[in-house]
Amino acid sequence: MGLHGVKAVFFDLDNTLIDTAAAGRRAIEEAPRPLQVISALQSKHHYGEEEARAVCDKVQAKLLKECHDPAKMCITDLRISHWEEAIQETIGGEANRDLAAECYYLWKTTRLQHLTLAEDTRAMLTELRKGLRLLLLTNGDRQTQREKIEACACQPYFDAIVVGGEQKEEKPAPSIFRYCCDLLGVQPAECVMVGDSLDTDIQGGLNAGLKATVWLNKAMTAPVDTSPVPHYIISSVLDLPAVLQKMEHNINAKLETNHMASSDE
(Lines give C-alpha, C1' and ligand atoms only; values in the text may rest on other atoms or scores of the structure.)
Protein backbone atom coordinates (compact mmCIF):
# COMPACT_ATOMS: atom_id res chain seq x y z
CA MET A 1 0.00 0.00 0.00
CA GLY A 2 2.53 2.63 -1.06
CA LEU A 3 1.12 5.90 0.19
CA HIS A 4 1.95 9.34 -1.14
CA GLY A 5 3.58 11.18 1.71
CA VAL A 6 3.24 8.37 4.29
CA LYS A 7 6.21 6.06 4.61
CA ALA A 8 5.97 4.70 8.15
CA VAL A 9 3.47 3.85 10.88
CA PHE A 10 4.38 3.80 14.57
CA PHE A 11 2.25 1.50 16.77
CA ASP A 12 1.80 1.59 20.53
CA LEU A 13 1.80 -1.86 22.18
CA ASP A 14 -0.30 -2.00 25.36
CA ASN A 15 -4.06 -1.88 24.79
CA THR A 16 -3.43 -1.03 21.14
CA LEU A 17 -1.94 -4.14 19.53
CA ILE A 18 -2.38 -6.39 22.59
CA ASP A 19 -5.06 -6.22 25.29
CA THR A 20 -2.83 -5.84 28.34
CA ALA A 21 -5.65 -4.75 30.64
CA ALA A 22 -7.74 -7.83 29.82
CA ALA A 23 -4.71 -10.11 30.26
CA GLY A 24 -4.15 -8.66 33.73
CA ARG A 25 -7.78 -9.28 34.70
CA ARG A 26 -7.71 -12.79 33.27
CA ALA A 27 -4.55 -13.57 35.22
CA ILE A 28 -6.50 -12.86 38.39
CA GLU A 29 -9.81 -14.53 37.56
CA GLU A 30 -9.97 -16.56 34.38
CA ALA A 31 -6.79 -18.61 34.43
CA PRO A 32 -6.96 -22.32 35.28
CA ARG A 33 -7.74 -22.42 39.01
CA PRO A 34 -4.22 -23.34 40.23
CA LEU A 35 -2.91 -20.27 38.38
CA GLN A 36 -5.47 -17.81 39.72
CA VAL A 37 -4.17 -15.41 42.35
CA ILE A 38 -7.61 -15.36 43.98
CA SER A 39 -7.67 -19.18 44.17
CA ALA A 40 -4.13 -19.29 45.58
CA LEU A 41 -5.00 -16.78 48.31
CA GLN A 42 -8.09 -18.81 49.23
CA SER A 43 -6.72 -22.35 49.06
CA LYS A 44 -3.13 -21.89 50.23
CA HIS A 45 -3.51 -18.93 52.57
CA HIS A 46 -7.12 -19.33 53.77
CA TYR A 47 -8.36 -15.93 52.67
CA GLY A 48 -12.09 -15.45 52.19
CA GLU A 49 -13.16 -14.78 48.61
CA GLU A 50 -14.05 -11.14 49.41
CA GLU A 51 -10.65 -10.55 50.99
CA ALA A 52 -8.83 -12.15 48.05
CA ARG A 53 -10.79 -10.06 45.55
CA ALA A 54 -10.15 -6.90 47.57
CA VAL A 55 -6.39 -7.52 47.48
CA CYS A 56 -6.46 -7.99 43.70
CA ASP A 57 -8.65 -4.92 43.16
CA LYS A 58 -6.24 -2.81 45.22
CA VAL A 59 -3.29 -4.03 43.16
CA GLN A 60 -5.06 -3.20 39.90
CA ALA A 61 -5.72 0.32 41.22
CA LYS A 62 -2.05 0.71 42.20
CA LEU A 63 -0.92 -0.41 38.73
CA LEU A 64 -3.09 2.27 37.12
CA LYS A 65 -1.46 4.99 39.24
CA GLU A 66 2.04 3.51 39.10
CA CYS A 67 5.03 5.85 38.73
CA HIS A 68 8.24 3.93 38.18
CA ASP A 69 11.71 5.43 38.44
CA PRO A 70 14.22 2.71 37.43
CA ALA A 71 17.02 4.71 39.06
CA LYS A 72 15.38 4.25 42.46
CA MET A 73 13.80 0.78 42.30
CA CYS A 74 13.54 -2.12 39.87
CA ILE A 75 10.07 -2.88 38.52
CA THR A 76 9.95 -6.27 40.26
CA ASP A 77 10.49 -4.75 43.72
CA LEU A 78 7.94 -2.03 43.02
CA ARG A 79 5.25 -4.48 41.93
CA ILE A 80 5.90 -6.85 44.82
CA SER A 81 5.41 -3.78 47.03
CA HIS A 82 2.01 -3.19 45.39
CA TRP A 83 0.92 -6.68 46.47
CA GLU A 84 2.50 -6.28 49.91
CA GLU A 85 0.65 -3.00 50.52
CA ALA A 86 -2.64 -4.36 49.16
CA ILE A 87 -2.45 -7.40 51.45
CA GLN A 88 -1.65 -5.25 54.48
CA GLU A 89 -4.39 -2.73 53.65
CA THR A 90 -6.92 -5.58 53.37
CA ILE A 91 -5.86 -7.98 56.11
CA GLY A 92 -3.85 -5.79 58.48
CA GLY A 93 -1.03 -7.16 60.61
CA GLU A 94 2.63 -7.31 59.62
CA ALA A 95 3.82 -6.95 56.04
CA ASN A 96 4.17 -10.29 54.28
CA ARG A 97 6.82 -9.89 51.58
CA ASP A 98 7.00 -13.61 50.75
CA LEU A 99 3.27 -13.87 50.08
CA ALA A 100 3.37 -10.64 48.08
CA ALA A 101 6.20 -12.02 45.92
CA GLU A 102 4.31 -15.28 45.38
CA CYS A 103 1.21 -13.39 44.23
CA TYR A 104 3.20 -11.09 41.97
CA TYR A 105 5.07 -13.87 40.16
CA LEU A 106 1.87 -15.91 39.76
CA TRP A 107 0.07 -12.86 38.34
CA LYS A 108 2.96 -11.89 36.07
CA THR A 109 3.49 -15.38 34.63
CA THR A 110 -0.21 -15.90 33.96
CA ARG A 111 -0.64 -12.43 32.46
CA LEU A 112 2.20 -13.07 29.99
CA GLN A 113 0.49 -16.30 28.92
CA HIS A 114 -2.62 -14.28 28.04
CA LEU A 115 -0.80 -11.64 25.97
CA THR A 116 -1.38 -12.55 22.34
CA LEU A 117 -1.24 -10.75 19.03
CA ALA A 118 -4.54 -11.68 17.40
CA GLU A 119 -4.47 -13.46 14.05
CA ASP A 120 -6.37 -10.68 12.27
CA THR A 121 -3.94 -8.10 13.69
CA ARG A 122 -1.00 -10.16 12.43
CA ALA A 123 -2.59 -10.31 8.98
CA MET A 124 -3.13 -6.53 8.96
CA LEU A 125 0.49 -5.83 9.96
CA THR A 126 1.77 -8.23 7.30
CA GLU A 127 -0.29 -6.48 4.62
CA LEU A 128 0.67 -2.97 5.74
CA ARG A 129 4.35 -3.84 5.78
CA LYS A 130 4.26 -4.62 2.05
CA GLY A 131 4.17 -0.88 1.37
CA LEU A 132 5.13 0.84 4.62
CA ARG A 133 7.79 0.67 7.30
CA LEU A 134 6.34 -0.36 10.67
CA LEU A 135 7.78 0.47 14.09
CA LEU A 136 6.64 -0.55 17.58
CA LEU A 137 6.94 2.33 20.07
CA THR A 138 6.08 1.46 23.67
CA ASN A 139 6.59 3.29 26.95
CA GLY A 140 7.53 1.43 30.11
CA ASP A 141 10.19 -0.46 31.97
CA ARG A 142 12.70 -2.21 29.72
CA GLN A 143 12.38 -5.68 31.27
CA THR A 144 8.58 -5.61 31.51
CA GLN A 145 8.05 -4.43 27.93
CA ARG A 146 10.63 -6.80 26.43
CA GLU A 147 8.91 -9.71 28.22
CA LYS A 148 5.56 -8.67 26.73
CA ILE A 149 7.08 -8.34 23.25
CA GLU A 150 8.58 -11.82 23.59
CA ALA A 151 5.31 -13.26 24.94
CA CYS A 152 3.15 -12.00 22.07
CA ALA A 153 5.86 -12.77 19.47
CA CYS A 154 5.34 -9.54 17.55
CA GLN A 155 8.98 -8.92 16.54
CA PRO A 156 8.71 -10.33 12.97
CA TYR A 157 6.05 -7.77 12.04
CA PHE A 158 8.19 -4.68 12.64
CA ASP A 159 11.21 -3.04 11.06
CA ALA A 160 12.22 -1.68 14.48
CA ILE A 161 11.12 -1.84 18.12
CA VAL A 162 11.69 1.06 20.54
CA VAL A 163 11.08 0.76 24.30
CA GLY A 164 10.75 4.02 26.21
CA GLY A 165 12.52 2.65 29.26
CA GLU A 166 15.66 2.19 27.15
CA GLN A 167 15.69 5.81 25.96
CA LYS A 168 16.47 9.14 27.64
CA GLU A 169 12.84 10.21 27.31
CA GLU A 170 9.55 8.40 26.71
CA LYS A 171 6.41 9.40 24.80
CA PRO A 172 5.18 12.18 24.57
CA ALA A 173 8.70 13.71 24.34
CA PRO A 174 9.56 14.65 20.73
CA SER A 175 13.07 13.18 21.13
CA ILE A 176 11.87 9.55 21.13
CA PHE A 177 9.84 10.16 17.97
CA ARG A 178 12.86 11.76 16.29
CA TYR A 179 14.89 8.69 17.28
CA CYS A 180 12.25 6.44 15.67
CA CYS A 181 12.32 8.51 12.47
CA ASP A 182 16.12 8.28 12.33
CA LEU A 183 15.97 4.50 12.81
CA LEU A 184 13.71 4.15 9.78
CA GLY A 185 15.32 6.89 7.72
CA VAL A 186 12.10 8.90 7.42
CA GLN A 187 10.90 12.40 8.25
CA PRO A 188 8.25 13.13 10.95
CA ALA A 189 5.92 14.47 8.22
CA GLU A 190 6.02 11.01 6.61
CA CYS A 191 4.88 9.13 9.75
CA VAL A 192 1.61 8.19 11.43
CA MET A 193 1.26 7.35 15.16
CA VAL A 194 -1.40 4.87 16.30
CA GLY A 195 -2.21 4.39 19.99
CA ASP A 196 -4.82 4.33 22.74
CA SER A 197 -3.39 7.09 24.95
CA LEU A 198 -4.23 10.73 24.24
CA ASP A 199 -1.56 11.87 26.72
CA THR A 200 1.36 9.89 25.34
CA ASP A 201 0.59 8.58 21.83
CA ILE A 202 -1.50 11.42 20.41
CA GLN A 203 0.15 14.30 22.27
CA GLY A 204 3.54 12.81 21.44
CA GLY A 205 2.74 12.53 17.74
CA LEU A 206 1.51 16.12 17.71
CA ASN A 207 4.59 17.33 19.64
CA ALA A 208 6.87 15.63 17.12
CA GLY A 209 5.07 17.05 14.08
CA LEU A 210 4.02 13.69 12.62
CA LYS A 211 1.82 13.68 9.53
CA ALA A 212 -1.13 12.21 11.43
CA THR A 213 -2.19 10.73 14.76
CA VAL A 214 -4.76 7.94 15.04
CA TRP A 215 -6.44 7.45 18.42
CA LEU A 216 -7.68 3.96 19.23
CA ASN A 217 -10.79 4.61 21.34
CA LYS A 218 -12.38 1.18 21.86
CA ALA A 219 -15.15 2.52 24.08
CA MET A 220 -15.76 5.46 21.69
CA THR A 221 -15.91 7.77 24.72
CA ALA A 222 -15.78 11.52 24.19
CA PRO A 223 -12.39 13.03 25.11
CA VAL A 224 -12.39 15.87 27.62
CA ASP A 225 -12.15 19.40 26.21
CA THR A 226 -8.54 19.81 27.30
CA SER A 227 -7.34 16.64 25.55
CA PRO A 228 -5.10 16.77 22.49
CA VAL A 229 -7.15 16.39 19.31
CA PRO A 230 -6.18 13.38 17.14
CA HIS A 231 -6.43 13.60 13.36
CA TYR A 232 -8.43 10.35 13.24
CA ILE A 233 -10.35 8.16 15.73
CA ILE A 234 -10.91 4.40 15.32
CA SER A 235 -12.68 1.87 17.55
CA SER A 236 -10.51 -1.09 16.44
CA VAL A 237 -6.90 -1.22 15.29
CA LEU A 238 -8.23 -3.20 12.31
CA ASP A 239 -9.86 0.03 11.08
CA LEU A 240 -6.41 1.52 10.42
CA PRO A 241 -6.04 0.43 6.76
CA ALA A 242 -9.27 2.27 5.91
CA VAL A 243 -7.90 5.43 7.57
CA LEU A 244 -4.64 5.15 5.61
CA GLN A 245 -6.61 4.72 2.38
CA LYS A 246 -8.66 7.81 3.26
CA MET A 247 -5.42 9.73 3.85
CA GLU A 248 -4.07 8.58 0.48
CA HIS A 249 -7.29 9.65 -1.24
CA ASN A 250 -7.11 13.09 0.39
CA ILE A 251 -3.44 13.49 -0.57
CA ASN A 252 -4.14 12.43 -4.18
CA ALA A 253 -7.05 14.85 -4.40
CA LYS A 254 -4.87 17.67 -3.09
CA LEU A 255 -2.08 16.83 -5.55
CA GLU A 256 -4.61 16.84 -8.39
CA THR A 257 -6.01 20.19 -7.30
CA ASN A 258 -2.51 21.68 -7.07
CA HIS A 259 -1.61 20.28 -10.49
CA MET A 260 -4.74 21.78 -12.05
CA ALA A 261 -4.05 25.12 -10.38
CA SER A 262 -0.48 25.21 -11.71
CA SER A 263 -1.71 24.24 -15.21
CA ASP A 264 -4.15 27.16 -15.19
CA GLU A 265 -1.31 29.53 -14.44
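Reply: Gladly! Let's start with buried area: it is the accessible area (1.4 Å probe) that two parts lose on being put together, summed over both. Here, domain 1 and domain 2 bury about 910 Å² between them, with 45% of it on carbon and sulfur atoms. On the domain 1 side, Asp19, Asp141 and Glu147 lose the most area to domain 2, together 43% of what that side buries. The model is predicted: local features need pLDDT of at least 70 and side-chain atom pairs 80 or more, while totals for chains, interfaces and linings use all residues. Residues are numbered from 1 along each chain as its sequence is written, and side-chain values use heavy atoms, leaving out hydrogens and water.

Me: What makes Glu147 and Lys108 a salt bridge?

Reply: The term asks for a side-chain nitrogen of Lys or Arg within 4 Å of a carboxyl oxygen of Asp or Glu. The closest N and O atoms of Glu147 and Lys108 are 3.1 Å apart, so the pair qualifies. The count between domain 1 and domain 2 is one salt bridge.

Me: How do you know that strand E2 and E3 pair?

Reply: Two strands (DSSP runs of E, at least two residues) pair if DSSP finds at least two bridges between them. E2 (residues 133–138) and E3 have four, in the parallel sense, so they pair. Leu136, for example, has Ile161 in E3 as its bridge partner.
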